[in-house]
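Please load the model in your viewer and keep the selection panel at hand. The tour goes from one selection to the next and says what to look for at each stop.

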Amino acid sequence: MTLKNNRFLRALRRDPVDCTPVWLMRQAGRYLPEYRATRKAAGSFLAMAKTPDIACEVTLQPLRRFPLDAAILFSDILTVPDAMGLGLYFVEGEGPKFERPLRSPADIARLAVPDMETDLRYVMDAVRTIRRELDGSVPLIGFSGSPWTLACYMVEGGGSKDWGRVKALALNEPAAMHQLLSTVTDAVIAYLAAQRAAGAQALQVFDTWGGVLSPAMYREFSLPYLARIARELKTADVPVILFGKGNAPHLDDLFASGADAIGVDWTVTLEDAARRNQGRVALQGNLDPAMLYGNPDAVRAQVRATLDSYAAGNGGSRDGHVFNLGHGLSPDMNPEHVAALVDEVHAYSRR
C-alpha cells in the first residue's frame, strides 16, 4: 500500500521533505475529551489497551483532530513484563504496579520470553487493525520500553522516586542484573519484530529511566542493550528510533549505536545535538512539553525557535528532523495549543 503522507519515513532516512514532519509522544491520551469518554466507557486503561478495536479507536483520535504525520500504537510499555508473568495492574493516582515483582536472582532465572502471537496477541491484533483503518494515510509507529526502563518497574514493583531497589540489584548482583537485562532484551527484540511483521512501519524504544543512571552505570546497564536492539532490528525499510529521557550526556554513543534516529529530550538544544550528530542519524524532538502551557502565540514562537535551532546545527538544512516533544503530553494540556503546535511546524518549515 502506497503511503499518502510519507514525510515521517523520509525524514528518518534524512531525505528532503516538503516540510518537517511532526508527531507527539502521548498524542493519544487524557488531554483529549474523546479519549476520556472512551476510557470511561471501557472501564480501565488496561481494558482499552487489551481490546484491539478500542486501541485502534484511541490511536486514531488525535489524527482526526490534527494533521499529524504519524500514528503511534496505543499500548503501554509494561505489556511485556505483564506477559512475562508479573501481573500488571493500575492504581488510580499512583500508576502501574506489579503483583509479582522480581525480588531475587531466582525470580530472574525463572523469566522467559513470552510468545508474541499468544501472550501478546492483543497487541499484534491492534497493530493489524490500526494499519487497516489508517488505509495508508500516515505511517504507524510501534514501540517498546527499553530493557533498563522495563527492569526498573519489574524490580521496584512500580514507579519510584530514587529507583533504589533496581540500582541496589545492579550494584550488589551485577550478574543477575545483566541476566535480567539480557532476557528482557530478547523479549523486546521479539516484541518489536512481531509488531513490524504485523504492520508497524517504524519502531521506537522508550528509555524513560536511562537518565537516572550515572554515566558509568548507563554505559553498563542501558547503552549496550539499546545498541543490541538497534543492531538486531536493523532493516532497510522499518527504521528504529531510540528515545531517552535524560540522554543528552550520551548522545555521541547513541549516534553510533546503529539506530536510524535518536530522540532527545528538552535539556539539550537541537543545535548542539545536530552539531554533535554531524548528519549520522535523524534527530527527533525536542520541545519542552511545558511550553504547551503557554498560549497559542507563545507555542508558535517556541516551535519556530526549535526548528531554527535544528537548522542552525545542521548547516541550515531542515532535513533529517522529526519534530516532537522532549517527552510526552500531559493530561491537563489544551488541545487548541496542540493544534497551534502542529500547524506551526508545517507552516514555518514548509519549503
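In which loop is Gln201 found? Select Gln201 and you will see that the loop lies between H10 and strand E5 (202–207), where helices (H or I, at least four residues) and strands (E, at least two) are DSSP runs, numbered from the N terminus. This is a predicted model, in which local features need pLDDT of at least 70 and side-chain atom pairs count only at pLDDT 80 or more, while totals for chains, interfaces and linings use all residues. Residues are numbered from 1 along each chain as its sequence is written, and side-chain values use heavy atoms, with hydrogens and water left out.

Gln201 has a relative accessible area of 11% and is therefore buried (buried means under 20% relative accessible area, exposed over 50%, and partly exposed in between, with a 1.4 Å probe and protein chains only). Leaving aside residues up to four places away in sequence, Gln201 touches Leu3, Leu9, Arg131, Val138, Pro139, Leu140, Asp237, Val238 and Pro239, contact being heavy atoms within 4.5 Å.

Next, select helix H8, residues 147–156, in which 10 of the 10 residues are buried. Just after H8, Gly157 takes a positive phi of about 90 degrees.

Two packed helices are described by the angle between their axes and the distance between the axes. Here H8 and H10 pack at an angle of about 115 degrees, with their axes 9 Å apart; axes are lines fitted to C-alpha atoms, for helices over the stretch in contact, and angles run from 0 to 180 degrees between N-to-C directions. From H8 the contact takes Pro147, Trp148, Leu150, Ala151, Met154 and Val155, and from H10 it takes Met177, Leu180, Leu181, Val184, Thr185 and Val188. By class, this contact has 11 nonpolar, one polar and no charged residues (Ala, Val, Leu, Ile, Met, Phe, Trp, Tyr, Cys and Pro count as nonpolar, Asp, Glu, Lys and Arg as charged, and the others, Gly among them, as polar).

From Val184, go to Ala112, 72 residues apart along the chain, and the C-alpha atoms of the two are separated by 8.6 Å. Ala112 is found in the loop between helix H6 (105–109) and helix H7 (121–134), and Ala112 counts as partly exposed because its relative accessibility is 48%.

On a 1 Å grid over the protein atoms alone, a pocket is an open set of points where a 1.4 Å probe fits, with protein on both sides within 12 Å along at least five of seven lines, and lining residues have an atom within 4 Å of a point. Of the 39 residues that line the largest pocket, select Arg26, Arg30, Phe45, Asp76 and Phe90, the closest to its centre. The lining divides into 21 nonpolar, 11 polar and seven charged residues.

Finally, select His327, in the loop between strand E9 (321–325) and helix H16 (335–349). With a relative accessible area of 13%, His327 is buried. Again leaving out residues up to four places away in sequence, His327 touches Met25, Arg26, Thr208, Phe243, Lys245, Trp266 and Pro289.
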